[in-house]
Amino acid sequence: MDEPDLRRAAGWPHLAFETIGSTNTEASRLATNGEHDRIWVTAREQVAGRGRRGRAWQSPKGNLFASAAFPVQADGSMPLTGLPLLASLALRDAVADVAPALTHQLGLKWPNDLLLDGKKLAGILLESTAYEQGSVIITAGFGVNCAWHPKQALYATTSLRDEGVLVSADDLFAALALRFDHWLNVWNGGMGTPAVRDHWLVHAVGLGEPLIARYSDGEVHGTFESLDQNGFLMLRDSMGDLRQISAADIFFGNLHKAGA
């Protein structure tokens, strides 16, 4: 890991690395150690990036790799479930800011993927680490396909460059930092979760459509009904019963790859 540049991003300290193992790991470490109350960590390249459920995340130069770490109360008084929604909203708005021609092609796939014309443009990984009594450090990691996208993936993927838009990782990060700070303030420690949910649904992919919620030990078929007030996916199964989905891989129509 090289020596980073210390910068500012939307009022937050920002450490910018050339190469790093994982921006999430470093941001969480710095925040947990109390070196910074809240911090952004970015890198030109990751060598140990990861996605949801421990999947490897390919991290070549040219794409955006950024992680925000910050403390939140975790005493049960407010739900933390709105955090994936606010993170994906922030990223969606940031991409729309720097690539306005693509605005109407952007969509949000539960819980926190950004799609462009139904193809995965970015992924977000949220992790929590024990901190002081009654609080945790939340780390929100963003991997955005600015210049390159994986050809073999669980879902169809794309990049901004492949869609005809040239955007640097630095420019996208500047927009993301501003938008993330805004939506974090709207969320307001959990009090604003309903407002975040309502805005997220405006950009939701697959509402009213058939879906598959896939778990490690099976899957459930149904229709994407809505999100509940805490941000969990509500699935209407074949028996007409409404099920709450708190964590699963979600596949809609052409996003589903047989055998994946």
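## Aromatic pairs, strands and cores

By the ring rule used here, the count comes to nine aromatic pairs. That rule pairs rings of Phe, Tyr and Trp (its six-membered ring) if their centres lie within 6.5 Å; planes under 30 degrees apart count as stacked, over 60 as edge-to-face and the rest as tilted. This is a predicted model, where local features need pLDDT of at least 70, side-chain atom pairs count only at pLDDT 80 or more, and totals for chains, interfaces and linings use all residues. Residues are numbered from 1 along each chain as its sequence is written, and side-chain values use heavy atoms, with hydrogens and water left out.

### The aromatic cluster

The rings of Trp12 and Phe180 have centres 6.1 Å apart and planes at 75°, so they pair edge-to-face. This pair links distant parts of the chain: Trp12 is in strand β2 (residues 12-20) and Phe180 in helix α3 (residues 169-187), 168 residues apart. Helices (H or I, at least four residues) and strands (E, at least two) are DSSP runs, numbered from the N terminus. Both Trp12 and Phe180 are buried. Buried means under 20% relative accessible area, exposed over 50%, and partly exposed in between (1.4 Å probe, protein chains only).

Phe180 has another edge-to-face pairing, with Phe142, because the ring centres are 5.9 Å apart and the planes at 85°. Phe142 lies in strand β8, 38 residues from Phe180. Phe142 is buried too. Ring pairs join Trp12, Trp40, Phe70, Phe142, Phe173 and Phe180 into a cluster.

A charge meets a ring elsewhere. Arg214 lies over the face of Phe251, at 4.7 Å from the ring centre. The rule asks for NZ of Lys or CZ of Arg within 6 Å of the ring centre and within 35 degrees of the ring normal.

### Strands and their partners

The chain has four helices and 13 strands. Strand β4 (residues 64-73) is mostly covered, with eight of its 10 residues buried. Ile39 has Ala69 in β4 as its bridge partner. Leu64 stands opposite Val144 in β8.

Strand β6 (residues 113-116) is covered on both faces. Asp113 and Leu115 are buried on one side, Leu114 and Leu116 on the other. Leu108 stands opposite Leu114, and Leu116 opposite Lys119 in β7. β5 and β6 form a hairpin with three residues between them. The β6 and β7 hairpin has two residues between its strands, and Asp117 in the turn has a positive phi of about 50°.

Strands count as paired if DSSP finds at least two bridges between them.

| Strand | Partner | Bridges |
|---|---|---|
| β3 (residues 39-46) | β4 | five bridges |
| β4 | β8 (residues 135-144) | 10 bridges |
| β5 (residues 106-109) | β6 | four bridges |
| β6 | β7 (residues 119-130) | three bridges |

### Cores and the whole chain

The largest nonpolar core has 62 residues. Trp40, Leu64, Leu91, Phe142, Phe180, Trp200 and Leu233 have the most contacts inside it. Apart from this core lies another, of 11 residues, among them Ile20, Leu30, Ala31 and Ile39. A nonpolar core is a set of buried Ala, Val, Leu, Ile, Met, Phe, Trp, Tyr and Cys residues joined through side-chain atoms within 4.5 Å.

Buried residues make up 52% of the 260 residues in the chain. Contact means heavy atoms within 4.5 Å. Of the contacts with a separation of 6 or more, 62% are between residues 24 or more positions apart.
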